[in-house]
Amino acid sequence: HRLYTSTIGIIILFALFIDSCNPHQLKYVKYMYILLFIYFTHSTWFRIDHYSSPDIFSSTAVKESPICYKSYVIKGSYLYGIMEYDRALTDFLTVELLNPKLYKVLNRIGTIYQNFGELNQAMNYYNKALDIKPDFDEALYNMGNLYLTQKKYGLANDLYLKCLATNKEFI
């Protein structure tokens, strides 16, 4: 219970910090991500001293920690934000293994594959995200962009219209 309360407190502080930032303070956002990452990986649910490997991301540690996938989401989001897509993809694929129902992560994997030019993989992940949440506007928009690059204008237009119908404020 204490872990849950302190997690909510950290998230609220982080949200307040982001909301009150002026542009030259945003460089500190990466430090907040790092602090959140450290917090989640060293919480009371994730005890490094229980494992023989010094690597805090050993497969044994990941399988036994119910909260650990969140640290991968935070780290992967940070790496994605600084355009280290290879490393971000590794973390997001780990999240998919641990919790395959996170549609936002599946969408992010799709965008990384699209950036790499692996369009079939990208389409696969957009479809996975939409299977979980059919009205997820970001996946609809990203899939529309994918069709646009393939010159499938009708399909792209249909997805853009569906995206707008889902969320009129998306654009």
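At what angle do helix 6 and helix 8 pack, and how far apart are their axes?

## Helix 6 and helix 8

Helix 6 and helix 8 pack at an angle of about 20°, and their axes lie 10 Å apart. Axes here are lines fitted to C-alpha atoms, for helices over the stretch in contact, and angles run from 0 to 180 degrees between N-to-C directions. Helix 6 is therefore roughly parallel to helix 8, a term for angles under 35 degrees. Their crossing is left-handed, meaning that the near helix is turned anticlockwise from the far one by less than a right angle.

In this pairing, Asn107, Thr111 and Gln114 of helix 6 meet Glu138, Ala139, Asn142, Asn145 and Leu146 of helix 8; a contact means heavy atoms within 4.5 Å. The residues of this contact comprise two nonpolar, five polar and one charged. Ala, Val, Leu, Ile, Met, Phe, Trp, Tyr, Cys and Pro count as nonpolar, Asp, Glu, Lys and Arg as charged, and the others, Gly among them, as polar.

## Model and overall fold

The structure is a predicted model, in which local features need pLDDT of at least 70 and side-chain atom pairs count only at pLDDT 80 or more, while totals for chains, interfaces and linings use all residues. Residues are numbered from 1 along each chain as its sequence is written, and side-chain values use heavy atoms, with hydrogens and water left out.

The protein chain has nine helices and zero strands; helices (H or I, at least four residues) and strands (E, at least two) are DSSP runs, numbered from the N terminus. Of its 171 residues, 37% count as buried, where buried means under 20% relative accessible area, exposed over 50%, and partly exposed in between (1.4 Å probe, protein chains only).

## The nonpolar core

The largest nonpolar core holds 29 residues, of which Phe92, Ile109 and Met143 touch the most other members. Such a core is a set of buried Ala, Val, Leu, Ile, Met, Phe, Trp, Tyr and Cys residues joined through side-chain atoms within 4.5 Å. Helix 7 contributes the largest share of this core, six residues.

Not counting residues up to four places away in sequence, Ile109 touches Leu89, Phe92, Leu93, Glu96 and Tyr125.

## Two individual residues

Aspartate 91 lies in helix 5 and counts as buried because its relative accessibility is 5%. Beyond residues up to four places away in sequence, aspartate 91 touches Tyr72, Lys75, Gly76 and Leu79.

Leucine 164, in helix 9, is partly exposed, with a relative accessible area of 31%. Leucine 164 and aspartate 137 are 27 residues apart in sequence and 7.8 Å apart in space, C-alpha to C-alpha.

Notes
Parallel < 35°, antiparallel > 145°, perpendicular 65-115°, else oblique.
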